[in-house]
Amino acid sequence: MIEDIRNKVRQLYLFLKEANQLRFPPVRNLSQHPKTIRLADAPDHPCVQINRPRGESAQAMGDCLLRIGRPALTSCPPPPFSVSNWLLPGWDDPTRAAYCAESRNAAGDEGAALTIRFDDDAQRVADFDGWAAEREQWAGAEVAARKALGFFELFYEIHSAIERDGEQLELVAGDGRLNWRAVSSIEGAVPIDHPILLKRVELRFDASAAEFSIHETDRATELYSALFVDLQNTAAASLRNRTAELENAGFHPWGWEDTESFLKAVVQTLSPTSGRLLKEGSANEPPSDAPQMWRDPMLILRKRVGGIASAVDAI
């Protein structure tokens, strides 16, 4: 009896939540959020560890989904003395190849101009070749470290934003990127480029280790139903069934086969005849009239949902 009353109250609040969403249109495009970080953009570096929840690997890292430490940068190995004066600018940039001048002008006997070629001295050429091989090893590792540092700095920006505006911002893990040119009963044609599965996560910073980490919270995964409230030709009852299925199963946005099966069910609910879950997708292509979705796990810094929406989510 009490549970029946609770369900009816929840249905009422869900109705109020949807009415509230009609007044305040949802964010439909990732570019509208303060910051997004795709896991696909994470560099391949030991300082970056990603744990998409599954089996024993998930248990080993506990509630931690991602770690990013600050990598140590190193300087280019110094060139041999015989080569240093021949090197062209940029030799210490790991993203560029190192080159030597082919020749140099010098003063010969009695002040006559003399052209000296780099390869006139076999030992100088051998010194350059040996140094270039050492430099190539350094450059490969250094480029990866600098990409990791850039990735680290993205989390620093998010951490600073949350420290400054924590009451207005929250960080969520997302996946199931929906790309669709839908029709809103309020706004008309609306392009959608946004994940449909979201889960609040926590960003922590360990100053002693110079490391950021992303951790689970006790908030359940949500189906971003605000995307669909005002859309035409969507099966509202079927979408509510998907929401109930998610509440019972608790699929994680970054999960594997079970999450993928759920995403396929959602996109086919949106359009049983043309909805597709793609192996790969591209947000650079214009949205299609048919809903398309693909896996693209990411982190989103978004503005907090307030008012009725928060009250319903807390029930």
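**Exercise 1. Find what share of the chain's contacts with a separation of 6 or more join residues 24 or more positions apart.**

Start with the term: a contact means heavy atoms within 4.5 Å. Among contacts in the protein chain with a separation of 6 or more, 68% join residues 24 or more positions apart.

A word on the source: this is a predicted model, where local features need pLDDT of at least 70 and side-chain atom pairs count only at pLDDT 80 or more, while totals for chains, interfaces and linings use all residues. Residues are numbered from 1 along each chain as its sequence is written, and side-chain values use heavy atoms, leaving out hydrogens and water.

**Exercise 2. Check whether the length of helix 4 agrees with its number of residues.**

Step one: helices are DSSP runs of H or I with at least four residues, numbered from the N terminus. Helix 4 covers residues 122–165, 44 residues.

Step two: the expected span is 1.5 Å times one less than the number of residues, so helix 4 should span 64 Å.

Step three: its end C-alpha atoms are 63 Å apart, which agrees.

**Exercise 3. Decide whether Thr-269 is buried or exposed, and list what it touches.**

Next, recall the cut-offs: buried means under 20% relative accessible area, exposed over 50%, and partly exposed in between, using a 1.4 Å probe and protein chains only. Thr-269 has 11% relative accessibility, so it counts as buried.

Finally, leaving out residues up to four places away in sequence, Thr-269 touches Ala-235, Ser-238, Leu-239 and Arg-242.

Definitions and conventions: Helix = DSSP H or I, 4+ residues; strand = E, 2+ residues; numbered from the N terminus.
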